[in-house]
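I opened a new page for this chain and listed what to look up. The entries follow in the order in which I went through them.

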Amino acid sequence: MDHERHDQPVGPGGGAVIGRTVVAPPDPAGPALPGRVADRAPRVLVIGDALLDGWVSGPTRRTGRDGPVPVVELDRGESAPGGAANSAVALAALGARVELVAVVGDDHDGRVLRRALDAAGVGTARCVLAPGQPTATKRRVLAGDPVEQLVARFDVSPPPPDTATVRAVADRVTAALTEPWDAVLVADYGLGALPAPVRRRVERARSRIPLLVVDAHELGPWAALRPDAVTPSAEEAAGLLGEPIPGGDRVGWGVRRHRRLVEATGGAHVLLTLDVDGVLALPRGDDDGLARVAHVPAAVAASSARACGAGDVFAAAWTAATAAGAGLGEATSFGQAAADVVVGRPGTAVCGTDALTARLAALDRGHVLSHPELLAVRAEHRAAGHRIVFTNGCFDVLHRGHVAYLRQARLLGDLLVVALNSDASVGRLKGPSRPINPLVDRAGVIGALAAVDLVTSFDTDSPVELLELVRPDVYCKGGDYTPDMLPETPVVEGMGGEVRILDYLADHSTSAIVARSRLGAGERS
């Protein structure tokens with residue numbers, strides 16, 4: 001058992017020190033990154049074991065006469081791509097152009113799987129059909145309504161592919177790798193589709209693969225290919241080193257095995273996925289002899305019964321971000337944020353661009369969202385049925401009146417969007433000596449308030465154009481106004497929204513504060 005503690009002294013640049021390793025948070029992935037990835041649309045080849053995940057569920061009111069087991073009255077069923085197929089769908093959901101090389105059985109489940117892949121925009125022309133063989137499936141039985149409990153799982157495990165099928169997979173991998181790809185993601189779940197002949201084909205083309213990411217139950221056979229990154233679980237990492245599965249401080253366990261893991265995987269970045277403990281990024285390079293690793297805690301804890309495939313989604317998101325130009329730390333934060341999204345959803349879920357933008361915006365509320373980013377976040381909240389509240393202003397020098405007003409506004413809905421006048425707009429409205437604080441500083445302060453969910457900006461003198469984009473449920477204004485006095489009122493009401501005039505604290509205004517400060521400065525001089 002590993003009893004060393006994780007809470008060690010702070011090293012240069014911050015972060016705990018374990019031995020000669022600094023453990024610190026990585027560079028954050030801002031809300032702009034999902035849009036960058038989608039715009040870049042990296043071309044990614046996924047090679048691996050495809051399967052179909054399924055769920056059947058219903059209420060249970062009694063136990064069986066033939067045994068002390070719950071009787072589940074099935075009334076719901078669903079299925080989704082799993083394994084390498086889930087990785088491919090996750091990449092496509094983030095805007096990547098994806099093709100899959102995998103073995104699919106010649107049966108009903110195989111047809112369901114291929115239809116789901118086609119619907120998700122994943123290219124399946126390179127998949128190999130295994131005549132007379134079933135498709136690998138994992139089905140779960142859940143009992144209860146509305147709270148569900150996993151009571152059983154039943155799998156269909158096809159036999160390992162025969163020689164002809166392996167040859168067909170190898171040939172299709174070879175043909176695919178003659179084309180240019182931004183990345184290749186290997187998803188090897190040990191079902192037999194990627195034996196040595198297939199690995200050799202990938203190895204021969206290795207010099208043409210700019211980014212090779214391996215997500216495999218057994219990493220040892222892939223080390224010879226010198227992948228750029230691997231994404232083992234703690235159990236898989238321990239198996240690679242021939243050690244027991246770690247318990248307790250798994251972050252510390254991984255940090256202390258940094259060099260051994262990098263060497264055992266062929267010199268790759270090791271992205272150690274730790275489910276409820278997040279992810280630990282163990283880079284392959286040193287900095288002045290002091291290794292720096294990044295730990296991103298998981299933000300969402302969820303039962304694994306209805307949240308499958310988070311590891312697939314992490315590997316896919318990390319691959320997409322890296323192929324789009326993100327650095328190691330930024331891509332790691334991006335991947336963990338995507339995993340956080342899916343563990344909060346039922347079943348084998350994927351995380352799209354809008355959902356990931358919303359998640360990253362929630363992590364960085366002082367970020368000034370571009371209008372496309374704002375609309376992506378808005379779409380997620382609309383889909384969830386949330387009531388959106390919108391307000392705007394200069395908010396140049398934050399004071400008590402602002403805070404009270406924003407608290408009132410937040411109580412009117414589920415999401416408060418604050419649109420700040422740009423610096424140029426403030427100057428036109430308030431005079432050449434304003435703003436006192438530039439937009440990025442004003443956004444950082446406003447975003448730090450618990451009442452504020454999102455911050456954006458506009459460059460016009462009125463937010464009417466932005467209101468037409470956002471279409472809020474409620475538009476708020478503070479001060480001595482009536483709705484009839486506001487040019488925004490007919491726009492908001494014409495879209496079915498309402499205008500609310502909130503309480504105004506007398507003697508609390510930025511202009512008055514600035515005037516008093518200047519008067520005081522004059523008296524002192």
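I took a contact to mean heavy atoms within 4.5 Å. The model is a predicted one, where local features need pLDDT of at least 70, side-chain atom pairs count only at pLDDT 80 or more, and totals for chains, interfaces and linings use all residues. Residues are numbered from 1 along each chain as its sequence is written, and side-chain values use heavy atoms, with hydrogens and water left out.

**Entry 1, cores.** I looked for nonpolar cores, sets of buried Ala, Val, Leu, Ile, Met, Phe, Trp, Tyr and Cys residues joined through side-chain atoms within 4.5 Å. For burial I used relative accessible area: under 20% is buried, over 50% exposed, and in between partly exposed (1.4 Å probe, protein chains only). The largest core holds 62 residues, and Val46, Leu91, Leu100 and Phe334 have the most contacts inside it. Helix α9 (residues 310-323) gives this core its largest share, 10 residues. A second, separate core has 45 residues, including Leu194, Leu212, Ala238 and Leu261. I then checked Leu100 by itself. Setting aside neighbours within four places in sequence, Leu100 is in contact with Val46, Ala84, Ala85, Leu117, Val122, Gly123, Arg126 and Cys127.

**Entry 2, helix packing.** Helices and strands are DSSP runs numbered from the N terminus (helices H or I, at least four residues; strands E, at least two). Two packed helices are described by the angle between their axes and the distance between the axes. Axes are lines fitted to C-alpha atoms, for helices over the stretch in contact, and angles run from 0 to 180 degrees between N-to-C directions. Angles under 35 degrees count as roughly parallel, over 145 as roughly antiparallel, 65 to 115 as roughly perpendicular and the rest as oblique.

How do α1 and α11 pack? Helix α1 (residues 33-40) packs on helix α11 (residues 353-363) at about 155°, with the axes 8 Å apart. I therefore noted α1 as roughly antiparallel to α11. From α1, Pro34, Gly35 and Ala38 meet Thr353, Leu356, Thr357 and Leu360 of α11. I sorted residues by class: Ala, Val, Leu, Ile, Met, Phe, Trp, Tyr, Cys and Pro as nonpolar, Asp, Glu, Lys and Arg as charged, and the others, Gly among them, as polar. The contact of α1 with α11 has 4 nonpolar, 3 polar and no charged residues.

Next, α11 packs on helix α12 (residues 371-383) at about 100°, with the axes 8 Å apart. That makes α11 roughly perpendicular to α12. In this contact, α11 supplies Asp354, Ala355, Thr357, Ala358 and Ala361, and α12 supplies Glu373, Ala376, Val377, Ala379 and Glu380. I noted 6 nonpolar, 1 polar and 3 charged residues for the contact of α11 with α12.

Pro31 lies in the loop between β2 (21-24) and α1. Pro31 is buried, at 1% relative accessibility. Not counting residues up to four places away in sequence, I found Pro31 touching Thr357, Leu360, Ala361, Asp364, His367, Leu369 and Glu373. The C-alpha atoms of Pro31 and Arg365 are separated by 9.6 Å, although the two are 334 residues apart along the chain.

Ala41, in the loop between α1 and β3 (43-48), has a positive phi of about 45° although it is not a glycine. Ala41 is buried at 16% relative accessibility. A cis peptide bond joins Arg434 and Pro435, with omega about 10°.
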